[in-house]
Amino acid sequence: VIRCRAAVAWAPGKPLSVEEVEVAPPKAGEVRIKLVAAGICRTDEHLLQGCFPKAEFPVIPGHEGAGIVESVGEGVTSVTPGDKVIPLCHPQCGECSFCRNPESNFCQKSHFSELQNLLPDKTSRFSCKGKQIHHFLWVSTFAEYTVVPEYAVAKIDAAAPLDKVCVFGCAFSTGYGAAINTAKVKPGSTCAVFGLGGVGLSAVMGCKAAGASRIIAVDINSDKFAKAKELGATDCINPKDLKKPIQEVLTEMTGHGVDYSFEAIGHADTMIAALASCNMSTGVCVMIGVVDSEISIDPTLLLTGRTWKGTMLGGSWKIREGIPKLVSSYLEKKFNSDLLITHTLPFAKVKEGFELLLAGK
């Protein structure tokens, strides 16, 4: 058993508490990882507020991170102690019908099909003050050590800087892949990206990498615009400055609407605006943000030919193979995802990290 620090959420709506926890050794088919860096994603804030579906407390949040394999359980063959890895909040078991489908990156072991509050054997590897602590999406990266199933670990290049590629565990892969894989953005096309957090900025990078000629970035925080332009946005719009709905403005700017739109916020009204912003014949709208309410839409938005799609951690990548390839592309300097990292804080200041997130910084 390893004793280390972890940020524990004891109950919904309560602040995170950095505690000493006990991390049990990996059982058969499991991997124990020493985490080196973790990213903070809005989904972790949803968890802390009690908005994440079917999560259980107390829990160690965090689902974006990178580390080094400390030990492995019986039967583990894909990684060995000392390997650099990214734990995956979206697994790839390799055996379910979705994993066997070459066009799918969904897995029936994911949280949407099977709860990930405990490891697959329905027990936890975390305890604190004599109490069982739940896992989050099996990864719980807000701990100095974590235990995950082997099929939720991707081995990456030994040259990768873990403090930079930790964002590949969610934000970068999700946004970049939404453009490259889910939308399949074509060269010369026009795109609109709603929301310029880490995921939205990654979608901007994906649109640029795919050869889009015009990338319109949309956010109510104009402080985000300089970085969006640095990453490839050609236009930036703040809906607060407009006298018309954003979808009308985007349609006027482009003639008939954009070819591809991406919603990386998670609000029902911006989902509908993003859908209405793409052209009515062949436009594709990709839903990236997690919405916690139902959405009502006018069916004629779709009847004319628009496509509305969802994406999960980058679309059609097989996760355990796709993320290592992305890391290799990063090392080859095919994109600069370092620009997504705004602050680097010591672990004890994890709460300050959430304050920066909520302040739009």
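Before I look anything up: I call it a salt bridge when a side-chain nitrogen of Lys or Arg sits within 4 Å of a carboxyl oxygen of Asp or Glu. I also remind myself that this is a predicted model.

**Entry: the overall tally.** How many salt bridges does the structure hold? I get twelve. I picked a few of them to look at one by one.

**Entry: arginine 5.** The side chain of arginine 5 meets that of glutamate 144 in a salt bridge, at 3.0 Å from N to O. I checked where the partners sit: arginine 5 is in strand E1, and glutamate 144 is in the loop between E7 and strand E8 (145–149), so this pair ties together parts 139 residues apart in sequence.

**Entry: arginine 125.** Next I looked up arginine 125, which forms a salt bridge with glutamate 30; their closest N and O atoms are 2.9 Å apart. Arginine 125 lies in the loop between helix H2 (97–100) and E6, while glutamate 30 belongs to strand E3 (residues 30–38), so the pair links parts that are 95 residues apart in sequence. My cut-off for buried is under 20% relative accessible area. Arginine 125 comes out at 3%, so I log it as buried. Glutamate 30 has 5% relative accessibility, so it goes down as buried as well.

I then asked which residues are linked in a network of salt bridges. I noted Lys27, Glu30, Asp121 and Arg125.

**Entry: lysine 334.** One more pair: the side chains of lysine 334 and glutamate 332 meet in a salt bridge, 3.2 Å from N to O. Lysine 334 counts as exposed, at 58% relative accessibility.

**Entry: the sheet.** On to the strands. I traced an open sheet of four strands, in the order E1-E2-E6-E7, with antiparallel pairing. Strand E1 (2–8) and strand E7 (131–133) are the edge strands, and each pairs on one side only. On average, neighbouring strands of this sheet are turned by 45° against each other, ignoring direction.

I zoomed in on one pairing. Strand E2 (residues 17–23) and strand E6 (residues 126–128) pair in the antiparallel sense over two bridges. What stands opposite serine 127 in E6? I found glutamate 22 there.

Methods:
Residues numbered from 1 in each chain as written. Predicted model: local features only at pLDDT ≥ 70, side-chain atom pairs only at ≥ 80, totals over all residues. Heavy atoms only, no water. Pairing = 2+ DSSP bridges. Axes fitted to C-alpha atoms, helices over the stretch in contact; angles between N-to-C directions. Buried < 20%, exposed > 50% of the residue type's maximum accessible area, 1.4 Å probe, protein only.
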